Amino acid sequence: MGYENGCIYLIYSRNSKRGYVGSTIQGLKKRLSKHEVDYRGYWGLLKKERNYRSSFDIFEDGEYDIYLLENYTCECRSDLERREQEWLYKVRTDIETVNIRNPSKNTMMPFSPMSYSDEIMELIL
């Protein structure tokens with residue numbers, strides 16, 4: 001599987017109205033499952049510990065799901081990550097309100113539904 005299968009996704013919690021933007025070359029269900037495994041590892045529920053990732057906050061909020069924002073064919077990982085950052089800026093209203101946990105990777109953002117365009121809200125409602 002290569003970067004011709006790239007996509008940008010949103011993990012969204014209906015409880016908190018918060019989301020997490022990420023990118024992958026895996027299928028969405030597989031990627032969500034990997035996030036969930038990492039979350040369990042972080043809490044010591046697996047043999048191998050995992051480091052904190054900002055997507056974990058969404059899991060703690062409950063009632064979450066993963067949504068495709070865009071299929072994105074590209075040449076390499078840096079292209080996919082660049083597109084992920086473009087989406088991150090696209091989906092939030094005010095850059096100053098974003099809670100960046102790890103600026104070199106994905107971010108978690110507090111938001112209200114008004115933070116998203118109608119196009120994105122149609123995906124998650």
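When I call a residue buried, I mean that its relative accessible area is under 20%, with exposed standing for over 50% and partly exposed for in between (1.4 Å probe, protein chains only). Strands and helices here are DSSP runs, E of at least two residues for the former and H or I of at least four for the latter, numbered from the N terminus.

Please keep in mind that this is a predicted model, in which local features need pLDDT of at least 70 and side-chain atom pairs count only at pLDDT 80 or more, while totals for chains, interfaces and linings use all residues. Residues are numbered from 1 along each chain as its sequence is written, and side-chain values use heavy atoms, with hydrogens and water left out.

Let me start with strand β1, residues 7-13, where 7 of the 7 residues are buried. That holds for both faces, with C7, Y9, I11 and S13 on one side and I8, L10 and Y12 on the other.

Next, the pairing, for which DSSP must find at least two bridges between two strands. β1 runs antiparallel to β2, residues 18-24, through 7 bridges, and L10 has V21 as its bridge partner there. In the hairpin that these two strands form, 4 residues lie between them, and K17 adopts a positive phi near 60°. With β3, residues 64-71, β1 again pairs in the antiparallel sense over 7 bridges, and Y9 stands opposite L68.

Finally, the nonpolar cores, meaning sets of buried Ala, Val, Leu, Ile, Met, Phe, Trp, Tyr and Cys residues joined through side-chain atoms within 4.5 Å. The largest has 11 residues, including I8, L10, Y12 and V21. β1, β3 and α3 (77-91) each supply at least two of its residues, and the largest share, 4 residues, comes from α3.
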